[in-house]
Amino acid sequence: MITLRRSTERGAFNHGWLDTRHTFSFADYDDPAHRGFRSLRVINEDIILPGTGFDTHAHRDMEIITYPITGSLAHRDSTGSMSIIRPGQVQHMTAGRGIRHSEHNASTTETCHFMQIWITPNQKNLEPGYDQKEFPLDTQLGRLCLIASPDGADHSLQIHQDVRLYALRLNETREVLLPLNTDRHAWVQVIQGHVTINGLPLQSGDGASLSQESSLRMSNRTPSELLLFDLA
């Protein structure tokens with residue numbers, strides 16, 4: 001069973017400094033039919049203007065993953081971590097029993113475009129933590145690149161939930177297969193491009209949930225970039 005979530009159906013807000021799209025309910029956007037999928041709680045697509053960003057604020061009991069698309073993002077948090085992330089790098093933060101952080105566009109001339117993902121952890125009151133890893137863009141080209149997992153397999157970021165998150169880039173037209181156990185679920189988020197998922201066409205900003213499917217077959221019609229979640 002596949003359920004589509006079209007880009008045009010997402011919550012959309014332009015705050016001047018921030019242009020954002022919410023796949024699931026978030027902040028002032030509440031859609032009772034879309035409050036997450038399995039342990040996947042938030043998929044936000046954000047574009048922030050040069051020299052602006054999210055000032056220091058608090059989170060708890062959430063696994064937060066930031067995936068840059070273009071530009072650079074400066075991070076600070078209450079664990080003492082400070083970093084700048086760019087495309088080809090991914091950031092993970094365990095909010096746990098409480099963490100405060102800020103995210104700002106690191107450039108004064110270019111916009112920053114990124115995805116922020118929240119996953120509900122399998123435990124509460126965890127020790128807050130931060131990690132950042134390199135995933136060179138060529139390792140995502142034409143094949144699934146594991147960027148987050150519960151066991152840190154293949155040098156991925158280790159998260160506190162039974163979720164495996166893959167990044168995939170397709171330039172030349174081809175098909176990529178992700179086998180699925182029929183007792184698991186999947187979510188596909190198209191960042192850019194035009195793709196076909198198990199025969200259904202999706203384009204930039206579209207998402208889809210899959211349940212009781214034995215595999216996820218992806219092919220592209222244009223250069224494309226996707227995130228894929230294998231979920232319990």
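Aspartate 230 is buried, at a relative accessible area of 10%. The model is predicted, and aspartate 230 pairs in it with arginine 184 through a side-chain salt bridge (2.6 Å, N to O). The count of salt bridges comes to 14. This briefing covers some of those pairs and then histidine 92.

**Aspartate 230 and arginine 184**

- The salt bridge between aspartate 230 and arginine 184 links distant parts of the chain, 46 residues apart.
- Aspartate 230 belongs to strand β22 (residues 224-231), while arginine 184 sits in the loop between β16 (175-179) and β17 (185-192).
- Arginine 184 counts as buried because its relative accessibility is 14%, under the 20% cut-off.
- Through salt bridges with shared partners, Arg184 and Asp230 belong to one network with Asp151, Asp162 and Arg164.

**Arginine 5 and aspartate 31**

- A salt bridge joins the side chains of arginine 5 and aspartate 31 (3.8 Å, N to O).
- Arginine 5 is in strand β1 (residues 2-5) and aspartate 31 is in the loop between β3 (18-22) and β4 (40-48), so the pair ties together parts 26 residues apart in sequence.
- Arginine 5 and aspartate 31 are both buried.

**Aspartate 206 and arginine 6**

- The side chains of aspartate 206 and arginine 6 also form a salt bridge (2.8 Å, N to O).
- This pair links distant parts of the chain, 200 residues apart.
- Aspartate 206 lies in the loop between β19 (200-203) and β20 (207-211), and arginine 6 lies in the loop between β1 and β2 (11-14).
- Aspartate 206 is buried, with a relative accessibility of 3%.
- Arginine 6 has a relative accessible area of 27% and is therefore partly exposed, as that class runs between 20% and 50%.

**Histidine 92**

- Histidine 92 is placed in strand β9 (residues 89-94).
- With a relative accessibility of 3%, histidine 92 counts as buried.
- Its side chain makes a polar contact with the side chain of glutamate 63 (2.8 Å).
- Neighbours within four places in sequence aside, histidine 92 contacts Glu63, Ile64 and Ile65; Gly129, Tyr130 and Asp131; and Leu157, Gln158 and Ile159.

Note on methods:
Residues numbered from 1 in each chain as written. Predicted model: local features only at pLDDT ≥ 70, side-chain atom pairs only at ≥ 80, totals over all residues. Heavy atoms only, no water. Helix = DSSP H or I, 4+ residues; strand = E, 2+ residues; numbered from the N terminus. Buried < 20%, exposed > 50% of the residue type's maximum accessible area, 1.4 Å probe, protein only. Polar contact = N/O pair within 3.5 Å; in protein donor to acceptor, adjacent residues only side chain to side chain. Contact = heavy atoms within 4.5 Å. Salt bridge = Lys/Arg side-chain N within 4 Å of Asp/Glu carboxyl O.
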